[in-house]
Amino acid sequence: MFSFGVYQSVIGFQISKAADGLVRALNAIITAKGLTLTPREFVILNLLHEESPLPQTQLVERSYKDPAATSRLVASLHRKGKIGRAHV
């Protein structure tokens, strides 16, 4: 029989719980700075800041996001005027 108490000790649950805490902490910092970014957008923006220009395929690999999610994040950042598009 499945017990939630056992589930809480599973490493995947612990990693997920830690990741959620990190996202909440990053979101609090972003909000406190008055920025209009999501934590996921911040990841893409930070990668571009450090390694620009990057083709979207490299953003996918470096951000560990799937291509569709990366495309949505890039489009959102572009709409917000945070990034431009270049052909690299």
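Start by selecting helix 3 and helix 4: helix 3 passes helix 4 in a right-handed crossing. Right-handed here means that the near helix is turned clockwise from the far one by less than a right angle, anticlockwise being left-handed. Show side chains, and you'll find the contact made by Val43, Ile44, Leu47, Leu48 and Glu51 of helix 3 with Leu59, Arg62 and Ser63 of helix 4; contact means heavy atoms within 4.5 Å. The two axes come within 10 Å and cross at roughly 115°. Those axes are lines fitted to C-alpha atoms over the stretch in contact, with angles running from 0 to 180 degrees between N-to-C directions.

Before moving on, a word on what's on screen. This is a predicted model, where local features need pLDDT of at least 70, side-chain atom pairs count only at pLDDT 80 or more, and totals for chains, interfaces and linings use all residues. Residues are numbered from 1 along each chain as its sequence is written, and side-chain values use heavy atoms, with hydrogens and water left out. Helices are DSSP runs of H or I, at least four residues, numbered from the N terminus.

**Helix 3**

Colour Pro39, Glu41, Ile44, Leu47 and Leu48, which are buried (under 20% relative accessible area; exposed is over 50% and partly exposed lies in between, with a 1.4 Å probe and protein chains only). What do these buried residues pack against? Bring up helix 2 (11-32), helix 4 and helix 5.

Zoom in on Glu41. Its relative accessible area is 3%, so Glu41 counts as buried. Leaving aside neighbours within four places in sequence, Glu41 is in contact with Thr36, Leu73, Ser76, Leu77 and Lys80.

**The loops on either side of helix 4**

Step into the loop between helix 3 and helix 4 and pick Pro53. The peptide bond from Ser52 to Pro53 is cis, with omega near -5°.

Tyr64 has a positive phi of about 60° although it is not a glycine. Is its side chain buried or exposed? Tyr64 is at 75% relative accessibility, so it counts as exposed.

**Helix 5**

Next, select residues 67-79: helix 5 has 13 residues that should span 18 Å at 1.5 Å a residue, and its end C-alpha atoms are 18 Å apart, which agrees. Colour Ala69, Thr70, Leu73, Val74, Ser76 and Leu77, all buried. They sit on the same side of helix 5 because they cover an arc of only 160° around the axis, taken from the directions from the helix axis to the C-beta atoms. Turn to the other side of helix 5, where Pro67, Arg72 and Arg79 are exposed.

Thr70, in helix 5, deserves a click. With a relative accessible area of 0%, Thr70 is buried. Not counting residues up to four places away in sequence, Thr70 touches Ile44, Gln56, Leu59, Val60, Ser63 and Lys65.

Finish with the two ends. At the start of helix 5, a side-chain oxygen of Asp66 reaches to within 3.1 Å of the backbone nitrogen of Ala68. Just after helix 5, select Gly81, which takes a positive phi of about 75°.

Methods. Helices (H or I, at least four residues) and strands (E, at least two) are DSSP runs, numbered from the N terminus. The expected span of a helix is 1.5 Å times one less than its number of residues. A polar contact is a pair of N or O atoms within 3.5 Å; within protein, one must be able to donate a hydrogen and the other to accept it, and residues adjacent in sequence count only if both atoms are side-chain atoms.
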